[in-house]
Amino acid sequence: MATHGPQYAISEYHDTDAIYARLRALIGQPMRPLRRERLQAVLDYFETRCAGSQALTDEAKKYIPGGVQHNLAFNYPFPLAIARADGPYMWDVDGNRYIDFLQAGGPTVLGSNYAPVRERVFELLQSCGPVTGLFHEYELKLAQLINRFMPSIEQCRMLGSGTEAVMAAIRAARAFTGKKKVIKAGGAYHGWSDQMVYGLHIPGTRRMEATGIPGGASGHTQEFFPNDLDHLRRLMMFNRLRGGTAAVIVEPVGPESGTRPVPRQFSAEVRRLCDEFGALLIFDEVVTGFRLGMGGAQGYFGVRPDLTILGKCVTGGYPMAGAVGGRRDVMACFAAGIGGSGERAYVGGTLSANPLSCVAGYYALLEMERTNAPAIAGRAGDRLTRGLQQIIERHALPFVAYNQGSIVHLETSAVMLLDFKNPLKLLREMKPRKHMMEEMGAAYMAQGIITLAGSRAYTSMADTDDVIDDALDRFEYVLSGVEGAE
Ligand SMILES: Cc1ncc(COP(=O)(O)O)c(C=O)c1O
């Protein structure tokens with residue numbers, strides 16, 4: 001296994017303007033869905049080859065709202081039930097094998113069910129079980145390791161999920177600064193807490209998805225249009241007289257894991273604005289944390305946030321994956337024990353920071369460092385992206401493929417690129433474009449590939465050149481069946 005090589009998953013930063021030019025062209029023209037006979041073949045696949053999945057998820061609908069619990073599992077025409085995962089593959093209950101570009105939604109950079117980590121987890125389970133409620137040495141070991149990889153994280157606190165960690169970070173930012181407003185980039189997902197279900201997925205949508213959330217809960221949340229630093233500045237100026245900006249929270253590669261990519265200097269400029277207005281900079285590294293490299297996006301971009309949110313990779317795919325970390329003076333807000341600041345920002349969680357999560361995270365991160373997994377996964381992402389771009393070109397399609405290392409985007413309907421600057425188009429096209437993306441996701445599945453919602457692929461260290469080339473043959477078959485493909 002390679003122990004040298006590039007440290008980060010991104011080998012060359014993308015040409016952001018060129019990507020937007022292609023994305024704008026894609027969203028500006030009529031959709032190019034699968035030809036109907038190809039779609040029929042996809043539906044036939046599900047009906048004839050996935051009967052076990054259908055029976056299980058149909059039965060589940062009686063006991064579980066909608067039949068599946070996970071947003072990413074909600075696939076067209078019906079969800080698959082997975083029985084086994086290993087390295088780059090997953091198998092459904094009917095025995096069909098899939099190349100796994102979901103990778104559990106991002107955490108498993110080492111590949112699924114990686115044995116050396118699993119063995120450490122087994123050992124821990126034998127010795128003390130998954131949880132005791134008291135301190136365990138692996139909490140310290142993991143915190144020390146995170147600090148070694150991301151020095152901005154002087155202290156950290158493990159929580160149950162990325163969502164919880166975002167909630168905690170915002171609470172600490174408000175407690176520390178005494179200010180109220182929190183600004184996010186429109187379209188970004190920072191978990192499902194009351195205050196963050198605001199401007200979800202599509203910029204400008206504000207409270208559109210806030211069913212069940214009282215207005216006041218997100219009354220101090222604001223969104224700026226992605227990449228629009230002037231807009232961000234205007235909001236911060238506006239806030240000066242209205243409670244002040246406690247924090248700006250961004251995904252460093254852009255909203256939705258870089259679906260709306262940012263220019264390379266973007267994070268540094270947000271840092272400057274935060275300094276000018278006395279706001280804390282929160283990096284949401286739930287996806288980028290350790291996937292872009294052991295130093296995270298902050299290491300890659302060379303920007304030091306005040307607080308960082310980690311999730312997913314921080315426990316190597318084991319539950320419960322969430323951490324907030326950063327400046328010691330800000331983190332003192334959380335101190336439950338020795339040396340607290342007195343003004344405590346309340347956080348908790350019966351299972352938070354349990355030994356199982358911490359041992360899994362500790363060994364997963366060590367293995368990722370030892371094997372250079374983020375960079376290897378990044379090279380796989382490069383190979384997949386290059387291949388997809390060639391297929392798109394060969395068939396004269398308007399689709400767009402680009403990547404930030406092991407985060408690979410394949411936009412065919414570009415639904416995520418709609419926004420409230422053109423509300424009529426948004427209302428008219430959102431549903432059909434979303435459905436087209438679902439159809440594409442189903443078509444990839446019928447060809448033995450699982451993607452994230454039909455438009456993203458996470459690669460892992462397990463994706464050898466052979467796996468990627470096999471995947472490309474399968475993608476080529478699907479994309480050659482699109483209307484008007486040459
Ligand atoms: C950027 C980002 N932040 C926060 C979250 C929420 O994390 P969790 O699902 O662990 O609550 C996610 C989840 O996908 C995410 O992608």
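How are α7 and α9 oriented relative to each other: roughly parallel or roughly perpendicular?

Analyst: Happy to take a look, with one thing to keep in mind: this is a predicted model. Let's begin with the two helices you asked about. Helix α7 covers residues 229-240 and helix α9 covers residues 266-277. Their axes are 11 Å apart, and the angle at which they pack is about 15°. Angles under 35 degrees count as roughly parallel, so α7 and α9 are roughly parallel to each other. As for the handedness, α7 and α9 make a right-handed crossing.

Helix α13 (residues 373-394) and helix α15 (residues 465-479) have axes that come within 10 Å, crossing at roughly 25°. That angle makes α13 roughly parallel to α15. Here, too, the crossing of α13 and α15 is right-handed.

Now for the ligand. Around it you'll find S161, G162 and T163, then Y189, H190 and G191, and also E251, D284, V286, V287 and K312. In G162, a polar backbone atom is 2.8 Å from a ligand oxygen. With T163 it's the side chain instead: an N or O atom there is 2.6 Å from an oxygen atom of the ligand. The side chain of K312 also has an N or O atom 3.0 Å from a ligand oxygen. As for cover, the ligand on its own has 390 Å² of accessible area, and the protein covers 80% of that.

The peptide bond leading from Y76 into P77 is cis, with omega near 0°. A cis peptide bond also joins P319 and M320, where omega is about 0°. You can find M320 in the loop between β9 (307-311) and β10 (322-326). Then there's N113, in the loop that runs between β3 (97-100) and α4 (115-128). N113 isn't a glycine, yet its phi is positive, near 55°.

So, back to your question: α7 and α9 are roughly parallel, with a right-handed crossing.

Technical notes:
Residues numbered from 1 in each chain as written. Predicted model: local features only at pLDDT ≥ 70, side-chain atom pairs only at ≥ 80, totals over all residues. Heavy atoms only, no water. Near = heavy atom within 4 Å. Polar contact = N/O pair within 3.5 Å; in protein donor to acceptor, adjacent residues only side chain to side chain. Areas by Shrake-Rupley, 256 points an atom, 1.4 Å probe, with all protein chains shown as cover. Axes fitted to C-alpha atoms, helices over the stretch in contact; angles between N-to-C directions. Helix = DSSP H or I, 4+ residues; strand = E, 2+ residues; numbered from the N terminus. Parallel < 35°, antiparallel > 145°, perpendicular 65-115°, else oblique. Left-handed = near helix turned anticlockwise from the far one by under 90°.
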